[in-house]
Amino acid sequence: MLTGKPTDAEIEETIRLAIADVLHRRGHPVAPFDEDALLVATGLTSLDLAALIARLEQKWKVDPFLEAVPITEIRTVADLCRAYRDFVNGR
Amino acid sequence: MGDRVALISGGSRGLGAAIARGCLQAGYVVATFSRSSGPFVEEQREKDPDGARFYWAPVDAHDAAALKRFVDAVAERWGGVDALVNNAAVGRFGAFPLMRLQEIDETLELNLRANLVLTRLCVPTMISRGGGCILNISSVNAVRGNAGVAVYSATKAALDGFTRALARELGPSNIRVNSLAPGYFQSEMVAGLTERQLRTLVRSTPLGRLGTADEIAGAALFLLSSAAGFITGQTLVVDGGITC
């Protein structure tokens, strides 16, 4: 389980950097995106999203999408950040 | 890069143990679980008391939380999983109209749901490691109808469907997914057959005998190996020709 809970800002920044890194590793262009951007608009495919979630699980030892949150509810970067914030903070 | 990591469900005895032994000989480090230990597990633990190359834990595959703890422990120990072999299964044989609902549920739970859950837990680490290989242990009963094994056959045919769909989905992530469909081989599953049933099976088999666990494991090792690097989404039948 998670020890030393990250702050909301840390969660958002980590996710933002992780998205950029996954896109970069896949050879996709990394354009600036804001919180309201659709995940597909950032260039992430569903497999990229799986890689992103695996990476975040390695960092925080949690996977909100295993049981708690349907991935189909996650459409934007903000949705993704909210899912982690809520899960990490037990909301 | 470290050793390749193989996770094999139900690796304490029978085919699972033969595949685990083959993986160790092929240079994998091996993680396996089962409800209880057995001679193979004890032998490996004696050879490797620190668990440097072999890790076993008691896990009931019906328990998704326990499966997750096991996968997490493997990731903690060796960084993730490169090869997953979904081997754990139960054979419930008997006339379908007489089968208790609980037996149907238990067979579906172990032979199908547990494999799907375990795969769900392992695939993210494969994606993040840049690739991997999944081998589902199916059965000739998935490809040929036989009386008395309806539920077992249904679970194995479902696994073959899972194999094909997942191969399409995960191919772009460099993850191969195949099924291995053993025919009848010397194992606990055939131990319950009568002499007459065994003679009938042998007569129906072009090679004129039952297989061995090592022969089935050899095919499994092939599908896990780079020699099968362009094979995905397939079911390899290893049955002495009984379905040909």
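Predicted model: local features only at pLDDT ≥ 70, side-chain atom pairs only at ≥ 80, totals over all residues.

Q: Where is B:N174 placed, and what makes B:N174 count as partly exposed?
A: B:N174 is in the loop between α5 and β6 (175-182) of chain B. A residue is buried if 20 or more other C-beta atoms, placed from the backbone, lie within 10 Å of its own, exposed if 12 or fewer, and partly exposed in between. B:N174 has 15 C-beta neighbours inside 10 Å and therefore counts as partly exposed. Phi of B:N174 is near 65°, a positive value in a residue other than glycine.

Q: Why is A:K61 called partly exposed?
A: A:K61 has 13 C-beta neighbours inside 10 Å, so it counts as partly exposed. A:K61 lies in the loop between α3 and α4 (77-88) of chain A, and has a positive phi of about 60° although it is not a glycine.

Q: Why are α4(B) and α5(B) described as roughly parallel?
A: The axes of helix α4 (residues 101-129) of chain B and helix α5 (residues 150-170) of chain B come within 9 Å and cross at roughly 15°. Angles under 35 degrees count as roughly parallel, over 145 as roughly antiparallel, 65 to 115 as roughly perpendicular and the rest as oblique. α4(B) is therefore roughly parallel to α5(B).

Q: What makes α3(A) and α4(B) roughly perpendicular?
A: Helix α3 (residues 46-60) of chain A packs against α4(B) at an angle of about 100°, with the axes 8 Å apart. The two helices are therefore roughly perpendicular to each other. Residues making this contact include A:L47 and A:A50 of α3(A), and B:P124 and B:I127 of α4(B); residues are in contact if their C-beta atoms, placed from the backbone, lie within 7 Å.

Q: Which residues touch the most other members of the largest nonpolar core?
A: They are B:V74 and B:A220, in a core of 88 residues. A nonpolar core is a set of buried Ala, Val, Leu, Ile, Met, Phe, Trp, Tyr and Cys residues joined through C-beta atoms within 7 Å. α4(B) gives the most to this core, with 10 residues.

How values were computed: Residues numbered from 1 in each chain as written. Chains lettered and ligands numbered in written order. Axes fitted to C-alpha atoms, helices over the stretch in contact; angles between N-to-C directions. Helix = DSSP H or I, 4+ residues; strand = E, 2+ residues; numbered from the N terminus. Contact = placed C-beta atoms within 7 Å.
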